Amino acid sequence: MVNAIQEAVYASGAVTALTRKYQQKELAKDNHVTQSLVSQQAAGKRKVSQQTAQSYNNNYNDPFSVMIFANKFTNGIIPPLFDGLDQHQMSLSYRFEKESNEAICEIKRQLEVFSESIKESSQEQSSAAKNVIAELLDVVATTNTFIANIAYKYQIDLKREAEVRAMYWKEKGLIKIM
């Protein structure tokens, strides 16, 4: 099994997202690395270490780079951002609704299969579960794209909002370990 959390990753998209607002020289100085390293990371020629990614995230809190790093460092367990979509919030809102409805329909279609006790060798149950996971991953990727866009466009501190929400979920008993 491949490690779920990587030590270092190629994350040119994350570094490039930062270079839309900051010069490579500034990124290098603020994060105690060389400008050459930043340039090579942006070009996909050098990996970004966990420590450097954390430094980028702490110093700039850019929602696009944060989400891209999350995807890369988790080996894709956290889905990538959909950068091939129209990034306007109305388009993303429509896409979110469409993907959510598809996931709900798939779950409803599989209710009978899910209501049966789990059988280790049941191909039907395994196929049903994979279909539901695929639809839910579409929702998560769309949601992450939507969140990153809104946070970026309205200059919302995504990290802070996520922390506030996590505290709310914990108070409601939805999460127990943080």
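Helix α5 gives the most to the lining of the second largest pocket, with 4 residues; helices here are DSSP runs of H or I of at least four residues, numbered from the N terminus. The model is a predicted one, in which local features need pLDDT of at least 70 and side-chain atom pairs count only at pLDDT 80 or more, while totals for chains, interfaces and linings use all residues. Residues are numbered from 1 along each chain as its sequence is written, and side-chain values use heavy atoms, with hydrogens and water left out.

The second largest pocket holds about 240 Å³ of space. Pockets were found on a 1 Å grid over the protein atoms alone, as open sets of points where a 1.4 Å probe fits, with protein on both sides within 12 Å along at least five of seven lines; lining residues have an atom within 4 Å of a point. Grid points are joined across faces, edges and corners, and a volume is the space filled by probe spheres set on the points. Of the 14 residues lining the second largest pocket, Gly13, Phe64, Ile68, Leu81 and Asp83 lie nearest its centre. Both α1 and α5 supply at least two residues of this lining. Its composition is 6 nonpolar, 5 polar and 3 charged residues, where Ala, Val, Leu, Ile, Met, Phe, Trp, Tyr, Cys and Pro count as nonpolar, Asp, Glu, Lys and Arg as charged, and the others, Gly among them, as polar.

The largest pocket has a volume of about 370 Å³. Its lining comprises 14 residues, of which Val66, Met67, Leu158, Lys159 and Ala162 are the closest to the centre. At least two lining residues come from each of α4 (50-60), α5 (63-73), α8 (123-153) and α9 (158-171), and α9 gives the most, with 4 residues. By class, this lining divides into 8 nonpolar, 5 polar and 1 charged.

Thr142 is located in helix α8. With a relative accessible area of 0%, Thr142 is buried (under 20% relative accessible area, 1.4 Å probe, protein chains only). Not counting residues up to four places away in sequence, Thr142 touches Phe82, Leu92, Arg95, Phe96 and Glu99, contact being heavy atoms within 4.5 Å. The C-alpha atoms of Thr142 and Glu97 are 9.5 Å apart, at a sequence separation of 45 residues.

In the contact of α1 with α3, Ser12, Val15 and Thr16 of α1 meet Val38, Gln41 and Ala42 of α3. This contact has 3 nonpolar, 3 polar and no charged residues.

Note on methods: Buried means under 20% relative accessible area, exposed over 50%, partly exposed in between (1.4 Å probe, protein chains only).
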